[in-house]
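Please look over the sequence and the model first.

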Amino acid sequence: MNDDVLEKNYQERLEERLISFLASEKDISLEKAMDIYYKSNLAQYIHEGTYGIQYLDYKVLAQMLMDSEPELFKDLHPEVSNG
């Protein structure tokens, strides 16, 4: 295996863990978590390797995403009307 293959595999596992963690933390489906992640700036930074961000822990990255792009998480659980 060459370095490019290893890097790609590492990145894919990182994204899987990050998406799964987001789904768990926000109590949303994996599909919704995936949609949020791939719409985020963070996904692009990880893909491009900006600032070596892809080497941070997936939990740290998930928290960064939740803190820096809260608009992606709006309306996840709409209020249920009682009336």
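Which residues is Ile46 in contact with, leaving aside its neighbours within four places in sequence? Ile46 is in contact (heavy atoms within 4.5 Å) with Gln11, Leu14, Glu15, Leu18, Tyr37, Ile53, Gln54 and Leu61.

The model is predicted: local features need pLDDT of at least 70, side-chain atom pairs count only at pLDDT 80 or more, and totals for chains, interfaces and linings use all residues. Residues are numbered from 1 along each chain as its sequence is written, and side-chain values use heavy atoms, with hydrogens and water left out.

The largest nonpolar core has 21 residues, of which Leu18, Leu22, Tyr37, Ile46 and Phe73 touch the most other members. Such a core is a set of buried (under 20% relative accessible area, 1.4 Å probe, protein chains only) Ala, Val, Leu, Ile, Met, Phe, Trp, Tyr and Cys residues joined through side-chain atoms within 4.5 Å. Two or more residues each come from helices H1 (3-26), H2 (30-39), H3 (41-48) and H4 (58-68); H1 gives the largest share, 6 residues. Helices are DSSP runs (H or I) of at least four residues, numbered from the N terminus.

| Pair | Axes | Angle |
|---|---|---|
| H1 and H3 | within 11 Å | roughly 160° |
| H1 and H2 | 8 Å apart | about 120° |

H1 and H3 are therefore roughly antiparallel (angles over 145 degrees). Their contact is made by Gln11, Leu14, Glu15 and Leu18 of H1 and Leu42, Ile46 and His47 of H3.

Technical notes
Buried < 20%, exposed > 50% of the residue type's maximum accessible area, 1.4 Å probe, protein only. Axes fitted to C-alpha atoms, helices over the stretch in contact; angles between N-to-C directions. Parallel < 35°, antiparallel > 145°, perpendicular 65-115°, else oblique.
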